[in-house]
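Look at the structure below.

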Amino acid sequence: MENLNIREADLMDVMNLAVLKQQVWIATYALEGIRNEFSVYALTEFTPENLREDIIDSNKLIYIAETDHHIIGCVQIDFNSKCPLKAEKGPEISVLYILERFTGMGIGQLLLDKSFKLCKELDLNSVWLTVYHKNERAIKFYLKNNFKESGKTYFELVNNRYENRIMTRKIR
């Protein structure tokens with residue numbers, strides 16, 4: 001893709017990141033349509049204030065993919081997350097979101113590779129993530145990138161539970 005730039009997010013990005021995360025999250029989870037619990041979560045979780053906190057948090061890093069100064073994707077690494085399968089904390093790829101129009105163009109791969117490179121530089125041995133079990137495209141993408149399905153966990157909203165796969169990958 002021409003004019004593609006991957007860079008670390010800064011505070012000027014919070015509004016665009018909030019909209020990007022809301023849009024991709026809804027597209028991922030609201031497969032049968034919008035429900036109140038989805039709207040409440042998206043509008044209270046993916047706020048400029050929360051993203052500002054993520055950007056300044058030294059235990060998190062967000063890279064954005066942009067083209068001609070338009071944000072089209074992002075990846076967030078949380079270095080101090082507790083994997084549901086292990087007692088110790090380690091790097092989690094907590095977000096890898098690409099706007100639907102830009103999927104299949106290698107942008108997710110570039111963001112993932114940038115995350116792996118950073119983890120290697122920090123001498124980290126593995127990463128983990130969770131992915132919605134109905135997100136078959138993402139699961140195939142992670143399997144292609146040498147992640148292994150290691151278990152499952154549940155994302156809970158109000159009185160509903162949404163199954164997520166836990167996927168792990170060695171970096172070294």
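How much space lies in the largest pocket? About 1,200 Å³.

## Ground rules

This is a predicted model, in which local features need pLDDT of at least 70, side-chain atom pairs count only at pLDDT 80 or more, and totals for chains, interfaces and linings use all residues. Residues are numbered from 1 along each chain as its sequence is written, and side-chain values use heavy atoms, with hydrogens and water left out.

## The pockets

A pocket is found on a 1 Å grid over the protein atoms alone: it is an open set of points with protein on both sides within 12 Å along at least five of seven lines. Lining residues have an atom within 4 Å of a point. A volume is the space filled by probe spheres set on the points, and grid points are joined across faces, edges and corners.

The largest pocket is lined by 48 residues. Nearest its centre lie Thr28, Val95, Leu96, Tyr97 and Tyr142. The lining divides into 24 nonpolar, 14 polar and ten charged residues. Here Ala, Val, Leu, Ile, Met, Phe, Trp, Tyr, Cys and Pro count as nonpolar, Asp, Glu, Lys and Arg as charged, and the others, Gly among them, as polar.

The second largest pocket has a volume of about 230 Å³. It has 14 lining residues, and Lys86, Ser126, Val127, Thr168 and Arg169 are the closest to its centre. Three strands, β4 (89–98), β5 (126–132) and β7 (160–170), each supply at least two residues of this lining. Strands are DSSP runs (E, at least two residues), as are helices (H or I, at least four), numbered from the N terminus.

## The cavity

Rolling a probe the size of a water molecule over the atoms shows where empty space is left. A cavity is a set of grid points where a 1.4 Å probe fits but cannot get out.

A search of the whole structure finds one cavity of 30 Å³ or more. Which residues line the largest cavity? They are Glu8, Ala9, Asp54, Ile55, Lys60, Leu61 and Ile62. Two elements give two or more residues to this lining, α3 (48–56) and β2 (60–67). β2 gives the most, with three residues. The lining has four nonpolar, no polar and three charged residues.

## α1 against α3

Helix α1 (residues 14–29) packs with α3 at an angle of about 110 degrees, and their axes are 9 Å apart. That makes α1 roughly perpendicular to α3. Axes are lines fitted to C-alpha atoms, for helices over the stretch in contact, and angles run from 0 to 180 degrees between N-to-C directions. Angles under 35 degrees count as roughly parallel, over 145 as roughly antiparallel, 65 to 115 as roughly perpendicular and the rest as oblique.

In this contact (heavy atoms within 4.5 Å), α1 uses Val14, Met15, Leu17, Ala18 and Lys21. From α3 come Pro48, Leu51, Arg52, Asp54 and Ile55. By class, the contact has seven nonpolar, no polar and three charged residues.

## α1 against α2

How do α1 and helix α2 (residues 36–45) pack, and at what angle? The angle is about 155 degrees, with the axes 10 Å apart. The two helices are therefore roughly antiparallel to each other.

Gln22, Trp25, Ile26 and Tyr29 in α1 meet Phe38, Tyr41, Ala42 and Leu43 in α2. This contact divides into seven nonpolar, one polar and no charged residues.

Take Ile26, which lies in helix α1. Leaving aside neighbours within four places in sequence, Ile26 is in contact with Ile34, Phe38 and Ala42. The C-alpha atoms of Ile26 and Ser39 are separated by 8.1 Å, and these residues are 13 residues apart along the chain.
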